[in-house]
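Welcome, and thanks for taking a look at this one with me. Here are some notes to read alongside the sequence and the 3D view.

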Amino acid sequence: MSTPPSTDARAIPDTPDTPDIPDADADAAAVTGALSREAIARVDSTGQLEDVLALPEHLRDALWRVESAIMQGWDTSAGLVVAGMGGSAIGGALARAALGDHASRPIFVTRAYGLPPWTTPDTMVLCASYSGDTEETLACYESAGALGAQRTVVTTGGRLAEMARADGVPVIPLPGGFQPRAAVAYMTVAALEVAALCGAGPRLTSEIDVAAAHTEQLVAEWGPDAGEDSLAKALARGLHRTIPVIAGAGLTTPIAYRWKTQINENAKQPCFSHELPELDHNEIVGWEGAVELGRFSAVFLDDSDAHPRVKERMALTERLIAPNAAASFHLETRGQTTIERVSSLVLLGDLVSIYLAALRGVDPGPVRAIDELKSALAAN
Ligand code: F6R
């Protein structure tokens, strides 16, 4: 049941017990052969694949939208808080990771009903909600107002846009018609640009533009028109019928979380994420019991600029847990700048989640459980 660890960052190890395409067809009526556009379209009723492939355009469009939102450069010495949930919060986390050591003030992401207690009138609070109706984010918007903090909103509309317009708070308008999680590039760029406007980080406008071109190449390399042995398709087949556990470190920590949430929401299956070096102090022991409990697979998201000891840990950790994993993969970011590197693995994970949905024969679009939960809460 085990797979030897990969030593080549891009290599896919043999997964002898992983079903090949004909086996996968046994439980995925939707995929009868290749993971082609046609095969995916059979399950993808709302065009999630197209939205993932449009990531480069979203990066460019997002820049234009922030620029046209008429915002002044407030200087908020206490830093930036990004308040949002799920697919709307991840952009803040990715932006903070991409800024890394270049962040000159605290950048904090809150996924809750409230703001950190140190929020003051000198803090910028970016309220991010694709729908504009997420109650936790609305609560943060109101708290920020009560505390006298500077506010900016990024949304398609909803109650958040209504309140912001009434309060004279700048709104970065997003295009409608996506699943919130598909607006990841918009949310990331909004957080990066607001960070620059409030003095929490450098302006990365041209890096974002360059990253869009780089991501376009990766779309060709990993998208549905690429060969069946392309990295994204091979990974999806390797992870199919397993419970993936994604490990990140530093820059790739929020990317690992993105993979987890995309696999949860698009492929409708359990998936977990953790980060190094912390996981070497707990989760690594849990792998000892993995084989008796289920088919768990491990994915390590490495980065060329990771701390050398973290790189060493990643290789050692993979070697230690591989015997207990149904499959194990070691991947590395692609590109030069942090924006390119973040975008590369976000794109790969998003594609893998759509391919997994196709292999499982499930529609990646609808998120019925989230909708049901929101309706039940709204009725109370
Ligand atoms: C749905 C999704 C969810 C939402 C979350 C918050 O695609 O990814 O995680 O992002 O429920 O809703 P919004 O983004 O509308 O504030």
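**Notes on salt bridges, helix packing and a surface patch**

1. Let's begin with a pair of charged side chains: Asp75 and Arg105 meet in a salt bridge, with 2.7 Å from N to O. Asp75 sits in the loop between α4 (55–67) and β1 (80–84), while Arg105 sits in the loop between α5 (90–99) and β2 (107–110), so the pair ties together parts that are 30 residues apart in sequence. Please keep in mind throughout that this is a predicted model.

2. Arg159 and Glu162 form a salt bridge at 3.1 Å, N to O. Both residues belong to helix α7 (residues 158–167), where they are three residues apart, about one turn of the helix. Arg159 has 40% relative accessibility, so Arg159 counts as partly exposed.

3. Next, have a look at Glu228 and Arg237, a salt bridge whose closest N and O atoms are 2.5 Å apart. Is Arg237 buried or exposed? Buried means under 20% relative accessible area, and Arg237, at 12%, therefore counts as buried. Glu228 is partly exposed, with a relative accessible area of 29%.

4. Salt bridges can also be followed through a group of residues here: Arg37, Glu50 and Asp225 are linked in a network of them.

5. Now for the helices. Helix α11 (residues 253–267) packs with helix α15 (residues 338–360) at an angle of about 25°, and their axes are 9 Å apart. Angles under 35 degrees count as roughly parallel, so α11 and α15 are roughly parallel to each other. The crossing in which α11 passes α15 is right-handed.

6. Finally, the surface. Which residues form a nonpolar patch there? They are Tyr113, Leu373 and Leu377, with about 310 Å² of accessible area together. Leu373 is part of helix α16 (residues 368–379). Exposed means over 50% relative accessible area, so Leu373, at 54% relative accessibility, counts as exposed.

Methods
Residues are numbered from 1 along each chain as its sequence is written. This is a predicted model: local features need pLDDT of at least 70, side-chain atom pairs count only at pLDDT 80 or more; totals for chains, interfaces and linings use all residues. Side-chain values use heavy atoms; hydrogens and water are left out. Patches are made of residues with over 30% relative accessible area and no salt bridge: like charges are joined within 9 Å, nonpolar side chains (Val, Leu, Ile, Met, Phe, Trp, Tyr) within 5 Å. Accessible areas come from the Shrake-Rupley method with a 1.4 Å probe; for residues, only the protein chains shown count as cover. A salt bridge is a side-chain nitrogen of Lys or Arg within 4 Å of a carboxyl oxygen of Asp or Glu. Helices (H or I, at least four residues) and strands (E, at least two) are DSSP runs, numbered from the N terminus. Buried means under 20% relative accessible area, exposed over 50%, partly exposed in between (1.4 Å probe, protein chains only). Axes are lines fitted to C-alpha atoms, for helices over the stretch in contact, and angles run from 0 to 180 degrees between N-to-C directions. Angles under 35 degrees count as roughly parallel, over 145 as roughly antiparallel, 65 to 115 as roughly perpendicular and the rest as oblique. A crossing is left-handed if the near helix is turned anticlockwise from the far one by less than a right angle, and right-handed if clockwise.
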